[in-house]
Amino acid sequence: MLNNNDISNLKVGFIGLGYAGFPMACLFSRKYKVVGFDLSESRIAELKQKFDHCGDVNSHDIGEMMQRGSEFTSSLEDLRQCNFYVIVVPTPVDKNFRPDVSYIKAASREVGSILSKGDIVVFESTVYPGATEEICVPAIEAASGLKYNVDFFAGYSPERINPGDRLHTPDNVVKVTSGSTPEVAAFIDRVYASILGEGMTWQAPSIRVAEAAKIVENTQRDVNIAFMNEVAQIMNAFGIDFNEVLEAMNTKWNALGFRPGLVGGHCIGVDPYYLIEFASRKGIAAGLMSMARGINNSMPGYVTEQIIQSLASHTDADPAGAKILLLGFTFKENCPDIRNTRVIDIYRLLARYTTHVEIYDPLADASQAENLYGVKVCTRCEELKEHAYDVMALCVAHDEFRDFDFSRYGAGRAVVYDVKGCLPQQTCGDGRIDVVKM
């Protein structure tokens with residue numbers, strides 16, 4: 001194994017510098033020489049300019065990384081100097097919600113092509129239990145000609161990055177670790193503990209346990225949010241304010257604090273499918289998880305119906321010509337990530353009723369929205385029409401929207417539909433604009 005368990009000589013190669021990979025690369029750079037690799041040349045260029053469009057690492061910290069000798073590259077050859085590799089690439093699902101492991105398999109081949117004897121490869125991408133040793137390791141062996149657990153070793157440490165979260169940052173979240181042999185597992189745990197501190201790692205007994213922990217923790221959240229979404233619909237049908245129900249319920253010591261809403265992104269909206277697929281191999285239907293996915297996937301349709309109903313009951317506008325403003329386009333609050341956003345579903349459904357649907361999100365990248373989804377996203381208030389919108393739907397609870405001047409942009413008689421139930425009733429208290437909460 002690597003240098004007789006000496007962690008002082010580590011040179012760490014990070015494969016994937018996105019939302020999950022780059023914050024960890026930055027953390028590793030505080031102690032080790034880091035070479036960050038990404039296929040996107042534009043991503044490498046922006047990092048060299050000390051800019052992170054994801055918004056999780058500031059220019060000062062990127063500058064310090066570079067001063068400590070860290071490099072950013074899109075050339076695999078620059079990684080050959082490394083001896084400890086961390087792979088953090090996307091593991092999405094395809095159009096049929098089946099796990100797509102093509103990215104992590106390709107990354108494994110790429111690392112295999114430059115691997116040396118004694119090197120360690122740690123995977124952080126979400127996978128189903130067994131994928132590291134069934135898919136990734138064989139790809140490394142084929143590309144390197146090296147033998148697993150003889151010439152090179154592997155580990156798995158699930159990423160726990162929460163984009164936009166300024167409280168639960170990579171340096172204060174417990175990291176699960178694992179390795180392909182007991183000795184390697186202990187070594188990998190020591191490496192992560194060296195950057196996180198004592199008591200901030202949890203060594204799993206096997207790679208499969210660590211892999212399972214990742215998809216189970218996110219699937220648990222998906223199921224709980226689905227329950228809240230279902231109950232919200234029931235309460236709304238009976239005219240009961242579910243936000244008031246939540247406020248009362250959460251006074252109990254064991255309330256979990258989940259809220260209804262749209263479930264998108266690259267974790268909760270994706271990871272359960274890896275567990276569902278894994279269960280199917282043993283003939284287990286995973287009915288609860290599948291139903292939860294169905295409920296959460298149906299929420300854009302439900303929200304669209306509620307917006308149309310709000311038009312009829314709170315405004316004088318004809319739905320066919322109504323002007324609607326969607327506030328927020330990213331997949332979650334206070335985060336610029338638009339991958340797998342469910343707001344696009346609401347937009348497309350509303351477009352069946354009216355051609356006057358606009359999107360405003362000051363955190364989103366307008367060009368990225370155009371490229372990924374073919375829609376225009378306004379990122380400045382100056383792009384909006386004053387006193388024009390019949391419905392303003394708050395889809396994403398960015399902090400910036402708490403001070404949004406709804407009266408300035410609402411039509412003569414308008415409604416604010418609050419998907420997240422985060423606005424106080426007096427937000428539009430001039431009597432001209434009603435607030436409807438999901």
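Reader: Which residue stands opposite Gly410 in strand 12?
Author: Tyr389 stands opposite Gly410. Strands here are DSSP runs of E with at least two residues, helices are runs of H or I with at least four, and both are numbered from the N terminus. Before going on: this is a predicted model, where local features need pLDDT of at least 70, side-chain atom pairs count only at pLDDT 80 or more, and totals for chains, interfaces and linings use all residues. Residues are numbered from 1 along each chain as its sequence is written, and side-chain values use heavy atoms, leaving out hydrogens and water.

Reader: How many bridges join strand 11 to strand 12?
Author: Five, and the two strands run parallel. Two strands pair if DSSP finds at least two bridges between them.

Reader: What order do the strands take in that sheet?
Author: The order is 10-9-11-12-13, in an open sheet of five strands with parallel pairing. Strand 10 (357-360) and strand 13 (433-437) are the edge strands, each pairing on one side only.

Reader: Which strands does helix 10 lie across?
Author: Helix 10 (residues 287-314) lies across strand 9, strand 11, strand 12 and strand 13, at about 145° to strand 12. Angles run from 0 to 180 degrees between N-to-C directions, with axes fitted to C-alpha atoms, for helices over the stretch in contact. Contact means heavy atoms within 4.5 Å.

Reader: New topic. At what angle do helix 1 and helix 6 cross?
Author: Roughly 80°, with their axes coming within 9 Å. Helix 1 and helix 6 are therefore roughly perpendicular, a label for angles of 65 to 115 degrees.

Reader: Which residues of helix 1 meet helix 6?
Author: Met24, Leu27 and Phe28, which meet Val191, Tyr192, Ile195 and Leu196 in helix 6.

Reader: And strand 1, is it largely enclosed or open?
Author: Four of the five residues of strand 1 (residues 11-15) are buried, so it is largely enclosed by the rest of the structure. Buried means under 20% relative accessible area, with a 1.4 Å probe and protein chains only. Strand 1 also pairs with strand 2 in the parallel sense over five bridges, and Lys11 stands opposite Lys33 there.

Reader: Last one. Which residues touch the most other members of the largest nonpolar core?
Author: Ile15, Tyr85 and Ile87, in a core of 41 residues. A nonpolar core is a set of buried Ala, Val, Leu, Ile, Met, Phe, Trp, Tyr and Cys residues joined through side-chain atoms within 4.5 Å. A second, separate core has 35 residues, including Ile7 and Met65.

Notes
Buried means under 20% relative accessible area, exposed over 50%, partly exposed in between (1.4 Å probe, protein chains only). Angles under 35 degrees count as roughly parallel, over 145 as roughly antiparallel, 65 to 115 as roughly perpendicular and the rest as oblique.
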